[in-house]
Structure formats: C-alpha cells, structure tokens
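Colleague: I would like to learn how to read a few local features of a model with some care. Could we take them in turn, with the general idea before the case?

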Amino acid sequence: MANRPPLSNGKFIIDGLRDSNGQAMELKAAAYINTAKEDRFDQKKQELVQQIAKLIDDNDLRLRITLTHRVGSDYNNWPVLGDFNLFRPWRDDNAAPAPQQSAPSGPTGGWNGGQ
C-alpha cells in the first residue's frame, strides 16, 4: 500500500463543473487515513491506520462525498454541486485495479464513477 491513498476515485464528473471551454471537467479524488501530526511516529497509531484500511478493503466499503456550495447563512438552502464515492480500486494482495465506469448518482446530478 506504500504511497497509494487508501481511498480514491480516478475518474468522475460532477454536472455543472466546466472548464474554460465549457466541457465537463473529468475529476480525480483521493483520501488518506492519517494520524494527528504529533502522532505520526506513533507505531500503535500507524498500525491502527493500516487496520482501518484493511477493514475498508476486506468489507468493500466506500465513503460517499457530497460537495455543497455555501451560499448565505441558511445551510438548508445551500445547493449540492454533486456527489461521488471514494473506494479501494485495488487490494493489498496486489490484485488488478477495479474497472471504473461512469453512471448517474441520483437526484443531485453528480456522477460517481459507477460505484
């Protein structure tokens, strides 16, 4: 697992996010499980990080991320820009990365890489 993030999504689109040419932006996201800065050399905490990554891997879990535009003071009125999943595209036993496909993710209009 060396320098790979435990969770990622290598290709997804969020409706409404466009580049300067008006084309949908192809995005990539990654997440790392980290200790607090002062605990980065704590072996017990590092082992916990590895255990969490293994639990995610062994149970095929995903994290759902929602992007919201903060407009005004009432958070109930903040529009959702989109959402996507972060997942383990590989396994610690060096299996090949999982194929990724795009599919709509429901009423928010986001895309979630088929996961």
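Modeller: What follows goes through a helix, the aromatic pairs and a loop residue.

Modeller: This is a predicted model, in which local features need pLDDT of at least 70 and side-chain atom pairs count only at pLDDT 80 or more, while totals for chains, interfaces and linings use all residues. Residues are numbered from 1 along each chain as its sequence is written, and side-chain values use heavy atoms, with hydrogens and water left out.

Colleague: How many residues does helix α1 have, and what does it reach from its first C-alpha to its last?

Modeller: Helices are DSSP runs of H or I with at least four residues, strands are runs of E with at least two, and both are numbered from the N terminus. The expected span of a helix is 1.5 Å times one less than its number of residues. Helix α1 (residues 43-58) has 16 residues and reaches 22 Å, close to the 22 Å expected.

Colleague: Which residues of α1 are buried?

Modeller: Buried means under 20% relative accessible area, exposed over 50%, and partly exposed in between, with a 1.4 Å probe and protein chains only. In α1 the buried residues are Val49, Ala53, Ile56 and Asp57; seen down the helix axis they fall within an arc of 105°, so they line one face, the arc being that of the directions from the axis to the C-beta atoms. These buried residues pack against β1, where contact means heavy atoms within 4.5 Å, whereas the face turned away from the buried side carries the exposed residues Gln43, Lys44 and Leu55.

Colleague: What caps the N-terminal end of α1?

Modeller: Asp42 does, with a side-chain oxygen 2.9 Å from the backbone nitrogen of Lys44.

Colleague: How many aromatic pairs does the structure hold?

Modeller: A pair of aromatic rings is described by the distance of the centres and the angle of the planes. Rings of Phe, Tyr and Trp (its six-membered ring) pair if their centres lie within 6.5 Å, and planes under 30 degrees apart count as stacked, over 60 as edge-to-face and the rest as tilted. The structure holds 2 such pairs. Phe12 and Phe84 are stacked, at 4.2 Å centre to centre and 20° between the planes, and they link strand β1 with strand β4 (residues 80-86) across 72 residues; both are buried. The ring centres of Tyr75 and Trp78 lie 6.4 Å apart with planes at 70°, so this pair is edge-to-face.

Colleague: Where is Asp15 found?

Modeller: Asp15 is in the loop between β1 (7-12) and β2 (27-31), and at 42% relative accessibility it counts as partly exposed.

Methods:
Polar contact = N/O pair within 3.5 Å; in protein donor to acceptor, adjacent residues only side chain to side chain.
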